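Good morning, and thank you for coming. Please look at the sequence and the model as I speak.

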Amino acid sequence: MNTAAKCLALETWAGRRYYAVEVVGETPKKTRIRVLTPGGVMLPKGRYVPHGEIALVPKHAIYAMPAESHKIEHGYYNGHISGFGGTVDAR
């Protein structure tokens, strides 16, 4: 089985965010990924996938790595959504 390092692109209120993932398989309509971002990824509809876990995402959300490495998110989360990471902080 071939694995490839790609990026998961998510549209947020702050624009498009890229998260490092590893493609481990495919189904006809979805891609099976392993999250490589240290802080994990918050998928749409409030689904949190921690680092190292495997999830299915739509194929259209997977892209090649962007040329600028600074565009890849490092999993930092600032606590603005309640229910993610415990209490909401006032940053």
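Which side chain meets that of Arg-16 in a salt bridge? The partner is Glu-11, with N and O 2.7 Å apart. A salt bridge here is a side-chain nitrogen of Lys or Arg within 4 Å of a carboxyl oxygen of Asp or Glu.

A word on the source: this is a predicted model, in which local features need pLDDT of at least 70 and side-chain atom pairs count only at pLDDT 80 or more, while totals for chains, interfaces and linings use all residues. Residues are numbered from 1 along each chain as its sequence is written, and side-chain values use heavy atoms, with hydrogens and water left out.

By this rule there are 3 salt bridges. For accessibility, buried means under 20% relative accessible area, exposed over 50%, and partly exposed in between, with a 1.4 Å probe and protein chains only. Arg-16 is partly exposed because its relative accessible area is 40%, whereas Glu-11, at 56%, is exposed.

Next, Glu-22 forms a salt bridge with Arg-34, their closest N and O atoms being 3.3 Å apart. Glu-22 lies in strand S2 and Arg-34 in strand S3, so this pair ties together parts 12 residues apart in sequence. Strands are DSSP runs (E, at least two residues), numbered from the N terminus. Glu-22 has 19% relative accessibility and therefore counts as buried; Arg-34, at 28%, is partly exposed.

Glu-26 pairs with Lys-59 in another salt bridge, at 3.2 Å between the closest N and O atoms. This pair links distant parts of the chain, 33 residues apart: Glu-26 is in strand S2, and Lys-59 is in the loop between S6 and strand S7.

Is Leu-10, then, buried or exposed? Leu-10 counts as buried because its relative accessibility is 12%. It sits in strand S1, residues 4–12. Leaving aside neighbours within four places in sequence, Leu-10 is in contact (heavy atoms within 4.5 Å) with residues including Arg-16, Tyr-19 and Val-41. The C-alpha atoms of Leu-10 and Val-41 are separated by 9.6 Å, although these residues are 31 apart along the chain.

Key:
Helix = DSSP H or I, 4+ residues; strand = E, 2+ residues; numbered from the N terminus.
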